[in-house]
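Have the viewer open and follow the topics one by one.

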Amino acid sequence: MTRRIMLAVGASLLFTCAAAAETIKLRFADSTTADAPRSRALVEIFAKRLGDEFVFEPYFASTLYKQGTEIVAVQRGNLELALMPPSDFAKQVPAFSILTAAYLVRDAAHLKAIFNSEIGDEFKKMARDEMGIVVLAPAYYGTRHVNLKGDKKIEKPEDLAGIKLRMPGGEAWQFLGESIGANPVALDYAEVYTGLQTGAIDAQDNPLPNNKLMKFHEVTDQIVLTGHNVGFGLLLISAKLFDSLTPEQQKRMQEAADEAFAWSDAEYIKQEEELIEYFKGEGLEVYTPDVEAFRAYANKKYLESPLSKDWREGMLEKINAL
(Lines give C-alpha, C1' and ligand atoms only; values in the text may rest on other atoms or scores of the structure.)
Protein backbone atom coordinates (compact mmCIF):
# COMPACT_ATOMS: atom_id res chain seq x y z
CA MET A 1 0.00 0.00 0.00
CA THR A 2 2.82 2.38 0.94
CA ARG A 3 4.54 1.72 -2.41
CA ARG A 4 1.29 2.40 -4.26
CA ILE A 5 0.79 5.67 -2.40
CA MET A 6 4.35 6.73 -3.18
CA LEU A 7 3.88 5.92 -6.86
CA ALA A 8 0.60 7.84 -6.94
CA VAL A 9 2.18 10.88 -5.26
CA GLY A 10 5.12 10.73 -7.66
CA ALA A 11 2.83 10.58 -10.69
CA SER A 12 0.85 13.53 -9.34
CA LEU A 13 4.00 15.57 -8.87
CA LEU A 14 5.15 14.75 -12.41
CA PHE A 15 1.78 15.84 -13.79
CA THR A 16 1.92 19.09 -11.79
CA CYS A 17 5.46 19.84 -13.01
CA ALA A 18 4.47 19.12 -16.61
CA ALA A 19 1.45 21.42 -16.33
CA ALA A 20 3.62 24.17 -14.83
CA ALA A 21 6.14 23.75 -17.62
CA GLU A 22 3.37 24.32 -20.16
CA THR A 23 2.23 27.55 -18.52
CA ILE A 24 2.83 30.53 -20.80
CA LYS A 25 3.93 33.71 -19.06
CA LEU A 26 2.70 36.93 -20.67
CA ARG A 27 4.52 39.96 -19.30
CA PHE A 28 2.81 43.18 -20.35
CA ALA A 29 4.16 46.73 -20.06
CA ASP A 30 2.45 50.10 -20.52
CA SER A 31 3.10 53.72 -19.57
CA THR A 32 -0.41 54.40 -18.29
CA THR A 33 -1.79 53.78 -14.81
CA ALA A 34 -3.42 50.58 -13.56
CA ASP A 35 -6.81 52.27 -13.15
CA ALA A 36 -7.07 53.45 -16.78
CA PRO A 37 -9.94 51.75 -18.67
CA ARG A 38 -7.54 50.04 -21.09
CA SER A 39 -5.53 48.67 -18.13
CA ARG A 40 -8.63 47.42 -16.37
CA ALA A 41 -9.85 45.82 -19.60
CA LEU A 42 -6.64 43.81 -19.92
CA VAL A 43 -6.60 42.68 -16.28
CA GLU A 44 -10.32 42.10 -15.74
CA ILE A 45 -11.33 40.77 -19.17
CA PHE A 46 -8.39 39.85 -21.41
CA ALA A 47 -6.39 37.95 -18.78
CA LYS A 48 -9.42 36.02 -17.54
CA ARG A 49 -10.53 35.00 -21.03
CA LEU A 50 -7.11 33.60 -21.97
CA GLY A 51 -7.41 30.40 -19.94
CA ASP A 52 -5.44 28.68 -17.18
CA GLU A 53 -2.41 27.90 -19.34
CA PHE A 54 -1.57 31.63 -19.52
CA VAL A 55 -0.23 33.77 -16.70
CA PHE A 56 -0.74 37.51 -17.36
CA GLU A 57 1.80 39.74 -15.57
CA PRO A 58 1.00 43.45 -16.09
CA TYR A 59 3.43 46.29 -15.35
CA PHE A 60 1.90 49.74 -15.51
CA ALA A 61 3.21 53.33 -15.23
CA SER A 62 6.48 52.41 -17.00
CA THR A 63 7.62 50.36 -14.00
CA LEU A 64 9.23 47.66 -16.17
CA TYR A 65 10.31 49.51 -19.31
CA LYS A 66 10.71 53.18 -20.14
CA GLN A 67 8.00 54.56 -22.44
CA GLY A 68 8.93 53.93 -26.06
CA THR A 69 11.21 50.94 -25.46
CA GLU A 70 8.53 48.26 -25.22
CA ILE A 71 8.47 47.14 -28.86
CA VAL A 72 12.20 46.42 -28.87
CA ALA A 73 11.77 44.49 -25.60
CA VAL A 74 9.12 42.31 -27.28
CA GLN A 75 11.34 41.79 -30.32
CA ARG A 76 14.22 40.69 -28.10
CA GLY A 77 12.06 38.27 -26.14
CA ASN A 78 12.28 40.25 -22.91
CA LEU A 79 8.58 41.11 -22.95
CA GLU A 80 5.59 39.27 -24.39
CA LEU A 81 2.89 41.93 -24.82
CA ALA A 82 2.68 45.70 -25.18
CA LEU A 83 0.11 48.30 -26.18
CA MET A 84 1.83 50.88 -28.35
CA PRO A 85 0.76 53.90 -30.43
CA PRO A 86 1.42 53.94 -34.19
CA SER A 87 4.22 56.49 -33.67
CA ASP A 88 6.33 53.74 -32.10
CA PHE A 89 5.69 51.43 -35.04
CA ALA A 90 6.70 54.29 -37.35
CA LYS A 91 10.20 54.33 -35.83
CA GLN A 92 10.82 51.00 -37.57
CA VAL A 93 8.25 51.08 -40.37
CA PRO A 94 7.80 54.73 -41.48
CA ALA A 95 4.58 53.91 -43.40
CA PHE A 96 2.83 53.70 -39.99
CA SER A 97 3.34 57.46 -39.55
CA ILE A 98 0.16 58.16 -41.53
CA LEU A 99 -1.82 56.85 -38.55
CA THR A 100 -0.28 59.57 -36.36
CA ALA A 101 -1.41 62.43 -38.61
CA ALA A 102 -3.64 65.11 -37.11
CA TYR A 103 -7.34 64.84 -37.97
CA LEU A 104 -6.93 61.59 -39.94
CA VAL A 105 -8.69 59.09 -37.66
CA ARG A 106 -12.04 60.70 -36.90
CA ASP A 107 -13.30 58.77 -33.86
CA ALA A 108 -13.46 55.35 -32.21
CA ALA A 109 -15.83 53.96 -34.85
CA HIS A 110 -13.55 55.10 -37.68
CA LEU A 111 -10.58 53.50 -35.91
CA LYS A 112 -12.41 50.17 -35.74
CA ALA A 113 -13.42 50.47 -39.38
CA ILE A 114 -9.79 50.99 -40.41
CA PHE A 115 -8.53 47.88 -38.63
CA ASN A 116 -11.47 45.74 -39.73
CA SER A 117 -10.74 46.53 -43.37
CA GLU A 118 -8.10 45.63 -45.93
CA ILE A 119 -6.23 48.75 -44.79
CA GLY A 120 -5.88 47.26 -41.33
CA ASP A 121 -4.75 43.97 -42.83
CA GLU A 122 -2.04 45.85 -44.71
CA PHE A 123 -0.71 47.46 -41.52
CA LYS A 124 -0.82 44.11 -39.70
CA LYS A 125 1.16 42.50 -42.53
CA MET A 126 3.78 45.27 -42.37
CA ALA A 127 4.13 44.71 -38.63
CA ARG A 128 4.59 40.96 -39.01
CA ASP A 129 6.85 41.02 -42.08
CA GLU A 130 9.06 43.95 -41.11
CA MET A 131 8.98 43.90 -37.30
CA GLY A 132 8.27 40.30 -36.36
CA ILE A 133 5.21 41.19 -34.30
CA VAL A 134 1.51 40.38 -34.50
CA VAL A 135 -1.04 43.16 -34.00
CA LEU A 136 -4.01 41.74 -32.12
CA ALA A 137 -6.35 44.71 -31.83
CA PRO A 138 -6.57 48.51 -31.66
CA ALA A 139 -7.51 50.16 -28.36
CA TYR A 140 -9.13 53.60 -28.35
CA TYR A 141 -7.73 55.96 -25.69
CA GLY A 142 -9.85 59.04 -26.36
CA THR A 143 -9.45 62.17 -28.49
CA ARG A 144 -6.51 64.43 -27.71
CA HIS A 145 -7.05 68.08 -26.81
CA VAL A 146 -4.69 70.88 -25.76
CA ASN A 147 -4.55 71.47 -22.00
CA LEU A 148 -2.53 74.52 -20.95
CA LYS A 149 -1.60 77.02 -18.27
CA GLY A 150 -2.56 80.69 -18.35
CA ASP A 151 -5.54 82.54 -19.72
CA LYS A 152 -4.40 83.19 -23.29
CA LYS A 153 -7.33 82.39 -25.57
CA ILE A 154 -6.50 79.81 -28.25
CA GLU A 155 -8.69 80.13 -31.33
CA LYS A 156 -6.36 79.16 -34.17
CA PRO A 157 -2.97 77.41 -34.63
CA GLU A 158 -1.10 80.71 -34.72
CA ASP A 159 -2.20 81.33 -31.11
CA LEU A 160 -0.06 78.36 -30.03
CA ALA A 161 3.13 79.90 -31.43
CA GLY A 162 5.86 79.73 -28.80
CA ILE A 163 3.78 77.52 -26.48
CA LYS A 164 5.94 74.70 -25.10
CA LEU A 165 3.68 71.72 -25.69
CA ARG A 166 4.73 68.43 -24.18
CA MET A 167 4.69 65.58 -26.67
CA PRO A 168 6.12 62.07 -26.37
CA GLY A 169 9.52 61.52 -27.95
CA GLY A 170 9.89 60.48 -31.57
CA GLU A 171 9.61 62.27 -34.88
CA ALA A 172 5.94 61.48 -35.46
CA TRP A 173 4.84 62.78 -32.05
CA GLN A 174 6.99 65.89 -32.29
CA PHE A 175 5.62 66.72 -35.72
CA LEU A 176 2.06 66.30 -34.44
CA GLY A 177 2.80 69.12 -31.99
CA GLU A 178 4.20 71.28 -34.78
CA SER A 179 1.21 70.54 -37.00
CA ILE A 180 -1.13 72.40 -34.64
CA GLY A 181 1.18 75.41 -34.31
CA ALA A 182 2.96 74.67 -31.02
CA ASN A 183 6.60 74.26 -30.01
CA PRO A 184 6.83 70.55 -29.07
CA VAL A 185 8.98 69.43 -26.13
CA ALA A 186 9.74 65.73 -25.57
CA LEU A 187 8.93 64.57 -22.04
CA ASP A 188 8.01 61.21 -20.54
CA TYR A 189 4.38 60.78 -19.53
CA ALA A 190 5.26 60.30 -15.86
CA GLU A 191 7.08 63.65 -15.81
CA VAL A 192 4.31 65.80 -17.32
CA TYR A 193 2.66 66.87 -14.02
CA THR A 194 5.96 68.12 -12.62
CA GLY A 195 6.85 69.74 -15.94
CA LEU A 196 3.63 71.76 -15.87
CA GLN A 197 4.09 72.57 -12.21
CA THR A 198 7.64 73.90 -12.66
CA GLY A 199 7.07 75.68 -15.96
CA ALA A 200 9.34 73.38 -17.98
CA ILE A 201 6.33 73.07 -20.30
CA ASP A 202 3.30 75.30 -20.85
CA ALA A 203 0.86 72.69 -22.07
CA GLN A 204 0.22 69.04 -22.76
CA ASP A 205 -2.18 67.16 -25.02
CA ASN A 206 -4.03 64.07 -23.92
CA PRO A 207 -7.55 62.66 -23.99
CA LEU A 208 -9.78 63.95 -21.18
CA PRO A 209 -9.77 60.65 -19.21
CA ASN A 210 -5.95 60.76 -19.06
CA ASN A 211 -6.06 64.36 -17.84
CA LYS A 212 -8.22 63.30 -14.91
CA LEU A 213 -6.23 60.16 -14.11
CA MET A 214 -2.96 62.08 -14.05
CA LYS A 215 -4.53 65.11 -12.32
CA PHE A 216 -3.21 67.52 -14.96
CA HIS A 217 -6.17 69.79 -14.23
CA GLU A 218 -4.55 70.64 -10.89
CA VAL A 219 -1.69 72.45 -12.63
CA THR A 220 -3.42 73.89 -15.73
CA ASP A 221 -6.08 76.51 -16.38
CA GLN A 222 -7.85 75.62 -19.61
CA ILE A 223 -8.70 72.85 -22.04
CA VAL A 224 -8.97 73.75 -25.71
CA LEU A 225 -11.09 71.14 -27.50
CA THR A 226 -8.93 70.92 -30.60
CA GLY A 227 -9.70 67.21 -31.12
CA HIS A 228 -6.57 67.07 -33.24
CA ASN A 229 -5.73 63.41 -32.80
CA VAL A 230 -7.52 60.20 -31.86
CA GLY A 231 -5.32 58.48 -29.32
CA PHE A 232 -5.01 54.74 -29.69
CA GLY A 233 -2.64 51.86 -29.20
CA LEU A 234 -2.16 48.51 -30.87
CA LEU A 235 -1.94 45.41 -28.69
CA LEU A 236 1.03 43.46 -29.97
CA ILE A 237 2.74 40.16 -29.33
CA SER A 238 5.89 38.57 -30.70
CA ALA A 239 5.11 36.70 -33.94
CA LYS A 240 7.42 33.91 -32.79
CA LEU A 241 5.45 33.44 -29.58
CA PHE A 242 2.08 33.79 -31.29
CA ASP A 243 3.02 31.19 -33.91
CA SER A 244 4.03 28.77 -31.15
CA LEU A 245 0.47 28.76 -29.79
CA THR A 246 -2.15 26.28 -30.91
CA PRO A 247 -4.85 27.55 -33.30
CA GLU A 248 -7.34 27.34 -30.45
CA GLN A 249 -5.10 29.44 -28.17
CA GLN A 250 -4.58 32.01 -30.93
CA LYS A 251 -8.33 32.25 -31.49
CA ARG A 252 -8.97 32.63 -27.76
CA MET A 253 -6.33 35.35 -27.44
CA GLN A 254 -7.79 37.29 -30.38
CA GLU A 255 -11.31 37.04 -29.00
CA ALA A 256 -10.10 38.08 -25.53
CA ALA A 257 -8.42 41.19 -26.97
CA ASP A 258 -11.50 42.13 -29.00
CA GLU A 259 -13.81 41.72 -26.00
CA ALA A 260 -11.52 43.65 -23.66
CA PHE A 261 -11.20 46.66 -25.93
CA ALA A 262 -14.89 46.70 -26.84
CA TRP A 263 -15.46 47.38 -23.15
CA SER A 264 -12.66 49.92 -22.70
CA ASP A 265 -13.57 51.82 -25.89
CA ALA A 266 -17.10 52.30 -24.58
CA GLU A 267 -15.79 53.33 -21.18
CA TYR A 268 -13.48 55.97 -22.65
CA ILE A 269 -16.32 57.40 -24.77
CA LYS A 270 -18.58 57.54 -21.71
CA GLN A 271 -15.93 59.30 -19.64
CA GLU A 272 -15.21 61.82 -22.40
CA GLU A 273 -18.88 62.81 -22.45
CA GLU A 274 -18.94 63.33 -18.69
CA LEU A 275 -15.58 65.01 -18.12
CA ILE A 276 -16.19 68.35 -19.82
CA GLU A 277 -18.57 69.34 -17.04
CA TYR A 278 -16.23 67.86 -14.44
CA PHE A 279 -13.32 70.04 -15.54
CA LYS A 280 -15.52 73.11 -15.67
CA GLY A 281 -16.53 72.34 -12.11
CA GLU A 282 -12.85 72.16 -11.17
CA GLY A 283 -12.44 75.75 -12.37
CA LEU A 284 -10.94 75.18 -15.81
CA GLU A 285 -12.13 77.05 -18.86
CA VAL A 286 -13.21 74.51 -21.48
CA TYR A 287 -14.04 75.70 -24.98
CA THR A 288 -13.92 74.80 -28.69
CA PRO A 289 -11.59 76.79 -30.96
CA ASP A 290 -11.82 77.18 -34.75
CA VAL A 291 -11.33 73.47 -35.45
CA GLU A 292 -11.48 73.94 -39.22
CA ALA A 293 -8.57 76.40 -39.01
CA PHE A 294 -6.58 73.81 -37.06
CA ARG A 295 -7.52 71.06 -39.53
CA ALA A 296 -6.49 73.09 -42.59
CA TYR A 297 -3.22 74.16 -40.96
CA ALA A 298 -2.35 70.57 -39.97
CA ASN A 299 -3.25 69.07 -43.36
CA LYS A 300 -1.01 71.56 -45.13
CA LYS A 301 1.84 70.85 -42.71
CA TYR A 302 1.64 67.09 -43.22
CA LEU A 303 1.33 67.14 -46.98
CA GLU A 304 4.39 69.41 -47.23
CA SER A 305 6.47 67.38 -44.75
CA PRO A 306 8.94 64.55 -45.39
CA LEU A 307 6.69 62.31 -43.26
CA SER A 308 4.05 62.12 -45.98
CA LYS A 309 6.66 60.78 -48.40
CA ASP A 310 6.66 57.56 -46.36
CA TRP A 311 2.92 57.02 -46.73
CA ARG A 312 1.92 54.28 -49.13
CA GLU A 313 0.34 55.50 -52.33
CA GLY A 314 -3.42 55.83 -52.08
CA MET A 315 -3.50 55.07 -48.31
CA LEU A 316 -4.69 58.56 -47.31
CA GLU A 317 -7.59 58.41 -49.75
CA LYS A 318 -8.55 54.89 -48.64
CA ILE A 319 -8.64 55.88 -44.95
CA ASN A 320 -10.62 59.04 -45.66
CA ALA A 321 -13.13 57.05 -47.72
CA LEU A 322 -14.08 54.74 -44.84
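**Two crossing helices**

- Helix α7 (residues 171-179) and helix α12 (residues 291-303) cross at roughly 135°, and their axes come within 9 Å; α7 and α12 are therefore oblique to each other.
- On the α7 side, F175, L176, E178 and S179 make the contact, and they meet Y297, A298, K301 and Y302 of α12.
- By class, this contact of α7 with α12 has five nonpolar, one polar and two charged residues.
- Contact here means heavy atoms within 4.5 Å.

**About the model**

- This is a predicted model, in which local features need pLDDT of at least 70, side-chain atom pairs count only at pLDDT 80 or more, and totals for chains, interfaces and linings use all residues.
- Residues are numbered from 1 along each chain as its sequence is written, and side-chain values use heavy atoms, with hydrogens and water left out.

**Helix α5**

- In helix α5 (residues 108-115), the buried residues are A108, H110, L111, I114 and F115 (buried means under 20% relative accessible area, with a 1.4 Å probe and protein chains only).
- Seen down the axis of α5, these buried residues fall within an arc of 160°, so they line one face of the helix.
- They pack against α6 (118-131), β4 (133-148), β8 (222-238), α11 (247-281) and α13 (315-321).
- At the start of α5, a side-chain oxygen of D107 comes to within 3.2 Å of the backbone nitrogen of A109.

**E218**

- E218 sits in the loop between α9 (208-213) and β8.
- C-alpha to C-alpha, E218 and D310 are 39 Å apart in space, and they are 92 residues apart in sequence.

Conventions: Buried means under 20% relative accessible area, exposed over 50%, partly exposed in between (1.4 Å probe, protein chains only). Helices (H or I, at least four residues) and strands (E, at least two) are DSSP runs, numbered from the N terminus. The arc is that of the directions from the helix axis to the C-beta atoms. A polar contact is a pair of N or O atoms within 3.5 Å; within protein, one must be able to donate a hydrogen and the other to accept it, and residues adjacent in sequence count only if both atoms are side-chain atoms. Axes are lines fitted to C-alpha atoms, for helices over the stretch in contact, and angles run from 0 to 180 degrees between N-to-C directions. Angles under 35 degrees count as roughly parallel, over 145 as roughly antiparallel, 65 to 115 as roughly perpendicular and the rest as oblique. Ala, Val, Leu, Ile, Met, Phe, Trp, Tyr, Cys and Pro count as nonpolar, Asp, Glu, Lys and Arg as charged, and the others, Gly among them, as polar.
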